[in-house]
Amino acid sequence: MPIRCEIVSQDRSLFEGDVDIVVIPGTDGEMGILPNHAPLLSTIRMGIVRVRRAGEEQLFTITGGLVEVQPTIVTILADAAENVEEIDIARAEDAKRKAEQRLKEGVPADSEAYLAAEAALHRSTLRLDMARRYGRTRKRPLETRSSE
Ligand code: ATP
């Protein structure tokens with residue numbers, strides 16, 4: 001018997017379907033959610049959500065959020081999330097460059113601007129790492145990766 005999985009971000013629905021297992025980066029560690037799991041509400045940290053169905057796996061980068069588990073359904077409410085296949089590498093590189101630039105500009109370490117740039121750097125680094133490891137474009141020639 002499968003479990004229903006829904007992944008929704010602030011701006012769209014990313015996934016809806018019956019799956020065998022959902023693996024989530026919970027704030028207390030990785031959680032594997034199988035059918036008939038006990039009810040649970042947890043925060044999610046930045047990382048990768050894995051959805052497995054009939055031996056096939058789909059991966060989603062998630063910047064944080066909440067998960068609600070019921071025995072027949074897992075609902076993931078993401079701050080922002082992407083299927084790794086759809087990550088735009090050029091956009092993530094640009095976001096990373098801009099965040100690094102802002103951090104170098106010498107804003108106070110506890111200011112809002114610094115924290116925002118640091119969070120943007122973490123998001124873009126996650127997207128780049130995962131897109132390169134698992135995304136469609138992972139076969140890019142090595143020389144185009146040398147500056148990161
Ligand atoms: P950017 O500066 O490029 O907008 P960001 O980290 O500020 O990046 P978010 O606010 O986290 O972006 O996300 C806004 C929306 O854009 C979300 O729907 C997110 O899934 C999507 N998104 C962000 N970066 C990428 C990317 N590199 N490829 C595909 N979608 C992305």
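Reply: Happy to! A word on classes before we start: Ala, Val, Leu, Ile, Met, Phe, Trp, Tyr, Cys and Pro count as nonpolar, Asp, Glu, Lys and Arg count as charged, and the others, Gly among them, count as polar. Please keep in mind that this is a predicted model.

With those classes, the shell around the ligand holds eight charged residues, five nonpolar ones and no polar ones. Of these 13 residues, the ones that come nearest to the ligand are Asp11, Glu82, Asp88, Arg91 and Arg123.

Now to the individual atoms. In aspartate 11, an N or O atom of the side chain is 2.8 Å from an oxygen atom of the ligand. Arginine 91 also uses its side chain: one of its polar atoms there lies 2.8 Å from a ligand oxygen. With aspartate 88 the backbone takes part instead, as a polar backbone atom is 2.8 Å from a nitrogen atom of the ligand. On its own the ligand has 590 Å² of accessible area, and the protein covers 70% of that.

Helix 1 gives the most, with three residues. Both domains take part as well: domain 1 (3–84) and domain 2 (88–134) each supply at least three residues of the shell around the ligand.

How values were computed
Residues numbered from 1 in each chain as written. Predicted model: local features only at pLDDT ≥ 70, side-chain atom pairs only at ≥ 80, totals over all residues. Heavy atoms only, no water. Near = heavy atom within 4 Å. Polar contact = N/O pair within 3.5 Å; in protein donor to acceptor, adjacent residues only side chain to side chain. Areas by Shrake-Rupley, 256 points an atom, 1.4 Å probe, with all protein chains shown as cover. Helix = DSSP H or I, 4+ residues; strand = E, 2+ residues; numbered from the N terminus. Domains from an automatic or database assignment.
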